[in-house]
Structures are given as C-alpha cells and as structure tokens.
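Dear colleague,

I am passing on the structure we spoke about, with the sequence alongside. Please have it open while you read the notes below.

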Amino acid sequence: MKSSVTSATALLLALAGSPAAAAPVVDTAYPYTGPDVPVGDWVDPTVNGNGKGFPRLVEPPAVRPATANPTNNINVISLSYLPKGINIHFQTPFGLGVAPSVRWGTRKDKLDKEATGTTHTYDRTPPCSQVVVTQCSQFFHEVQLHDLKPGTTYYYQIQAANGTTASDVLSFSTARAAGDDTPFTVAVLADMGYTNAGGTYKQLLDVLHQDAAFVWHGGDISYADDWYSGILPCEDDWPVCYNGSSTSLPGGGPIPDEYKVPLPAGEIANQGGPQGGDMSVLYESNWDLWQQWLNNVTKQVPYMVLPGNHEAACAEFDGPGNILTAYLNDNEKNTTVPKSNLTYYSCPPSQRNYTAFQHRFRMPGAETGGVGNFWYSFDYGLVHFVAIDGETDYAGSPEWPFAQDLKKGETHPTPEETFVTDSGPFGAVDGDYNDNKAYQQYKWLAADLASVDRKKTPWVIAMSHRPMYSSEVSSYQQKIRTAFEGLMLQYGVDAYLSGHIHWYERLWPLGANGTIDRAAIVDKHTYIANTGKSITHLINGMAGNIESHSTLDQSKILNITAVLDQEHYGLNKLTVHNASVLTWTFVRGDGSVGDELTLIKKKKCKGKQH
Ligand SMILES: [Fe+2]
C-alpha cells in the first residue's frame with residue numbers, strides 16, 4: 001500500500017543498481033482508464049496531433065548530434081553537488097547499452113580519468129519511440145565524481161554510446177569548502193516555467209556570466225502539469241487566453257503578431273496562445289522542452305532543486321465543465337461532466353507521485369541523511385544550505401498520502417477517496433500522521449541543524465516551496481510553520497526562502513507567530529540577523545510561468561510585508577560577502593533592480609551553535 005515509499009525505494013535501487021533499472025512503482029491497485037497519450041491535439045489526441053495545430057516549441061538538445069538522423073542523443077545535462085563531489089546527470093531517449101561514462105580531469109586538454117555510473121528510467125507517455133529523438137528523454141544517467149578538491153574547476157566529457165554523440169568538453173567548479181570566506185553569489189528562483197520566463201532566463205545567464213556559483217530552484221519546475229491549459233476553455237478571469245477571436249496577455253499591452261493568427265481549421269478555442277498554449281499540450285514534452293531550454297545553465301553550474309506542487313501529478317484540479325475529468329477518467333474528449341472527480345488514478349502511473357521529478361534531477365538526499373530530491377543539505381563557503389520538502393512529509397502537508405484518505409476500517413482508499421495530487425510519504429512516518437515529530441523529515445531537519453558548525457558556516461539558509469508567512473494568507477502556511485518554524489528558530493536559521501506565490505515579497509524579520517522583530521530592523525533595506533529570535537523571509541515565486549502573476553489588492557497587504565512586487569518577473573541574487581554581511585538583490589527580467597536587502601550578523605558565533 002505504501003506505494004510512494006516503494007517508489008522512492010525503487011528509485012534509490014535504480015540509482016545504485018544495474019544500468020537498466022525498472023520504472024518506479026506507483027500504486028496501481030485501481031487501473032488508469034484514460035487516454036494512452038494525454039494529449040497531442042484536442043482534435044486528434046495523438047502525440048503529433050492533426051498537423052494543423054500551432055507549431056510546437058522546441059529547444060536544442062545539450063549535445064548536437066553528429067549525424068542528420070540520430071538514433072539516440074544526449075538531450076539534457078544537469079549538474080548537482082555531492083559532498084566533496086559532483087553528480088553529472090544526463091538524459092537520452094533510449095538506453096546506452098553500457099554503463100554511462102564520463103572522462104574528466106583538471107585540464108581541458110587532459111581528461112585522464114574515467115568514471116562510470118548507473119541508469120534509471122520510467123514508462124513515460126508518450127514514450128520516446130513516438131517522439132523526435134532530439135526532443136525526448138526517457139533514460140536518465142548518473143555519473144558521480146567523488147573526492148574532488150573544493151573550489152576547483154574540473155573538465156568533463158560525456159562519452160558516446162549506442163548512437164549518442166559525445167558532449168563537448170565542459171567544465172564545472174566544486175563547492176568551496178565550509179569555512180572558506182571568499183565571497184560568492186548564488187541565483188535563487190522558484191516557480192519557473194517557460195511562458196513568461198524569458199526575462200528571468202536572460203538574467204540567469206547574466207548572473208552565471210558574473211560567476212554565480214550555482215542555482216537554487218525552490219520548486220515548481222517547468223509547469224509540465226499545466227499541459228491542460230492547452231485544452232481547457234478560455235475563462236474571463238484567466239490572463240493568458242487565446243480563443244481565436246480575442247486575446248489578452250498578462251499586464252496587457254501589445255499583442256504579438258503571432259497571437260493574431262486565427263485558429264487553424266478544426267481547432268477548438270483553448271487556453272494559452274499560439275506559443276504558450278502549444279507548450280502546454282503534452283506533460284512529458286513540457287519537461288523535455290524546459291530542461292533543454294535550461295541546458296545552458298544546468299550543464300555549467302550545479303542546478304539544485306526541491307519539490308513544488310506542480311511536480312506532483314499530471315494535473316492539480318479540473319476547469320470549467322470538468323472537461324479533464326471526462327477525458328482522464330473516461331477517455332471522452334472535448335466533453336463535460338457535472339462533477340470534478342480527478343483522483344490519484346486519473347493520471348497515467350508515470351505522471352503521479354513525483355515520478356518525473358524523481359528521475360529528471362538527482363539531489364544529494366542519500367548522501368546527506370535526507371531523501372532523494374526531497375530534503376537534503378549542503379555547504380558552500382560560509383553558508384549551510386538546507387532544502388526542505390514543503391509539499392509532503394509533515395503533518396497536514398499540501399499533498400498527502402493515502403493513509404489520510406482512509407475511512408474507518410479501510411486498508412486502502414477507493415479511487416473516489418483519493419485526490420489527484422496524493423503523494424508520499426517519501427520518508428518513514430514512525431507513528432501518527434498528525435504528529436510532526438513522527439516524520440523522518442522533521443527528525444532529519446533537527447539533526448541536520450544541530451550538526452551545523454557555526455564557526456565554519458555562520459550563515460544558515462533554508463528553502464522550501466511553501467512560504468510560512470505572506471500577505472496572501474493561506475492555511476498551508478500555518479501547517480508549515482507548525483512543522484518547521486520552531487526548529488528553525490531554535491537552531492538559528494537566518495533566512496527562509498520560498499516561492500509558490502507568484503510574486504516577489506520580502507517580509508520584515510519575523511519571530512514566532514509572525515511577530516515583527518523590530519529590534520532586527522535597521523532600516524527598510526537593512527536587517528540584523530537576530531539569530532534564534534527571528535528569521536528573514538523571502539518569497540521568490542516571480543520567475544514566470546504560464547499561470548502568470550499572483551495579485552492582491554493594495555488594501556489587503558499586511559504589515560508583515562516590507563516589499564511586494566506583483567508586476568515584474570525575475571530572480572533573486574544572494575551574495576555572501578563575509579561572516580557578517582550578505583545581500584539580496586531582486587533582479588527583474590529587464591535587468592533592473594527591484595529590491596535590495598542587506599543582512600548583517602553582528603557578533604561572531606562563539607560556540608559550535610549560534
Ligand atoms: Fe507552487
């Protein structure tokens with residue numbers, strides 16, 4: 001019954017095991033009865049549609065194939081930190097036939113070492129056998145380089161196998177050792193899809209050009225699950241809508257020419273535009289597109305991720321007329337049903353329970369006592385970074401396991417008792433699901449924070465997808481506070497980063513219960529890190545995606561909010577200057593500065609803890 005635990009276990013086995021590992025296991029007690037491939041085109045729901053639709057967006061693969069008609073290819077390369085090492089993750093449409101291999105060394109012209117790794121895969125729909133080879137990933141390879149020197153540049157080349165072309169000689173730099181006081185910069189973002197994220201993408205490349213160490217993406221990655229925006233009917237209150245006769249875009253103003261093209265014959269008015277809507281018609285292709293778009297970033301610096309709600313399943317909820325319920329549950333296209341009844345079984349097995357997310361990235365959970373891509377930590381210079389799963393694995397989490405769907409006396413919920421985004425737990429729950437202290441994640445966080453050597457890493461920065469506080473008040477915020485705020489205050493976390501709400505919001509330093517810590521405010525742009533008493537909260541949900549911006553009436557902005565930007569997309573740049581000063585800069589998509597904050601740590605930590 002604990003399908004999700006099985007799934008996580010299967011993944012770990014896959015990572016450690018033989019080159020051709022099995023797909024992850026999700027709960028299949030009840031069969032999926034929807035279409036084989038949701039959805040290529042509403043008129044012709046096959047992977048390629050009826051051929052009359054809008055052009056599908058494509059991005060180049062990480063490696064340009066050496067032949068015109070390749071049979072296999074390296075489409076995505078994505079780096080991540082390991083303790084004293086690096087994980088080189090890459091993706092191909094088909095298997096390699098051998099263990100994945102990387103040649104590497106400290107000189108570009110002398111790759112004198114070779115490392116091999118493992119491969120994992122899952123039964124994605126559509127499979128890559130139905131998709132253009134250079135635009136599809138179904139086999140996921142992990143090659144680990146261990147015992148590397150800190151703060152050192154290495155060169156690597158992924159080797160060719162089974163039809164792929166070897167990569168160029170690429171490079172990465174390892175994390176600086178804990179305690180290294182050299183200043184560094186990190187790009188922090190969350191909620192980044194494809195649509196609306198062009199400015200953020202440009203700034204990301206600019207920040208890397210300025211030598212940013214790594215990128216930290218706080219969940220909601222690619223918005224693959226918004227594929228259904230491409231088929232749901234237009235709504236008056238939806239800012240990105242193309243209905244064949246009129247179009248509106250977020251923020252108004254000028255409508256690009258391609259949006260003025262009438263709908264092709266036979267096409268049904270739907271969400272999205274000729275470009276935006278088209279990126280949203282196939283769940284897996286959205287992942288492929290987004291990851292290939294980010295190759296310029298992920299193949300040169302570690303791209304650290306954590307889970308958001310959009311990674312959970314193929315859809316979060318239904319739209320007007322419950323068109324998705326009819327399609328996914330009953331394979332009835334372009335019709336309505338009276339009631340929304342999306343369940344855990346409404347998505348194909350490969351599109352449930354964070355399956356794609358577990359395969360398409362490789363975070364150091366296993367190496368840091370955490371779990372997979374869900375919770376982990378790492379050091380860089382003067383900072384201990386902590387990634388928390390804000391979606392599952394704590395009491396009242398926004399996505400919850402089957403155990404919480406059970407009615408009295410049941411051992412397994414009926415489909416109707418489940419919810420489409422049911423997920424996890426990915427760690428053990430030793431006791432009551434309503435007791436935070438029963439969760440492996442809670443215990444890990446307590447142990448991880450307790451083990452921080454503040455002499456080496458005086459700064460501790462945590463991130464999860466979900467904010468603890470915001471002017472946009474929601475019930476999950478209380479739940480995540482109850483789970484983690486006490487530990488974070490107890491162990492002196494300096495800053496808590498999040499996303500989820502699609503705007504930039506900086507809060508005043510907050511103690512328990514959202515009390516503004518006025519003693520920690522020097523001025524509007526300068527806070528004191530009042531370690532153990534208050535935390536600086538930043539919401540970075542403004543990277544841009546097809547769902548556009550969150551908005552709130554000016555009159556509803558709470559006094560806990562110091563700065564709120566509801567208009568601009570962009571990212572946050574964290575610069576660690578030394579043990580006493582770090583700065584945050586909200587860089588808008590056009591490169592202008594949206595906000596700045598300096599965080600000052602007054603006294604040095606004397607003991608091991610703060
Ligand atoms: Fe979210």
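What follows is an account of what was found, going from the chain as a whole to single residues.

Please keep in mind throughout that this is a predicted model. The protein chain holds eight helices and 26 strands, and of its 610 residues 55% count as buried. Among the contacts with a separation of 6 or more, 73% are made by residues 24 or more positions apart.

The largest nonpolar core takes in 152 residues, and those with the most contacts inside it are V186, A187, V215, V301 and A462. For A462, leaving aside residues up to four places away in sequence, the residues touched are V386, I388, M488, V493 and Y496. As background, nonpolar side chains tend to be buried together in soluble globular proteins.

Turning to the strands, β1 (residues 76-82) pairs with β2 in the antiparallel sense over seven bridges, and within this pairing I77 stands opposite F90 of β2. The two strands form a hairpin with two residues between them, where K84 takes a positive phi near 55°. Strand β2 also pairs with β6, again antiparallel and over seven bridges, with T92 having F139 in β6 as its bridge partner. Seven of the eight residues of β2 (residues 85-92) are buried, so this strand is largely enclosed by the rest of the structure.

A separate point concerns an open sheet of four strands, which has the order β4-β3-β7-β8 with antiparallel pairing. Strands β4 (113-116) and β8 (170-173) stand at its edges with a single partner strand each, so one side of each is left without a neighbour in the sheet. From one strand to the next, the twist averages 35°. Strand β7 (residues 153-158) is joined to β8 by four bridges, the two running antiparallel, and Y154 stands opposite F172 in β8.

Among the helices, α5 (residues 323-330) is mostly covered, with seven of its eight residues buried; these are I323, L324, T325, A326, Y327, L328 and N329. Just after α5, N331 takes a positive phi of about 60°.

Some backbone details deserve a careful look, given that most residues other than glycine have a negative phi, and most peptide bonds are trans. In the loop between β10 (214-217) and β11 (241-242) lies D220, whose phi is near 60°, a positive value in a residue other than glycine. The loop between β10 and β11 also holds Y223, and here phi is near 55°, likewise positive in a residue other than glycine.

Another cis peptide bond joins G424 and P425, with omega about 0°, and P425 has its place in the loop between β16 (383-387) and α7 (440-450).

With best regards

Note on methods. Residues are numbered from 1 along each chain as its sequence is written. This is a predicted model: local features need pLDDT of at least 70, side-chain atom pairs count only at pLDDT 80 or more; totals for chains, interfaces and linings use all residues. A residue is buried if 20 or more other C-beta atoms lie within 10 Å of its own, exposed if 12 or fewer, and partly exposed in between; C-beta atoms are placed from the backbone. A nonpolar core is a set of buried Ala, Val, Leu, Ile, Met, Phe, Trp, Tyr and Cys residues joined through C-beta atoms within 7 Å. Two residues are in contact if their C-beta atoms, placed from the backbone, lie within 7 Å. Two strands pair if DSSP finds at least two bridges between them. Axes are lines fitted to C-alpha atoms, for helices over the stretch in contact, and angles run from 0 to 180 degrees between N-to-C directions.
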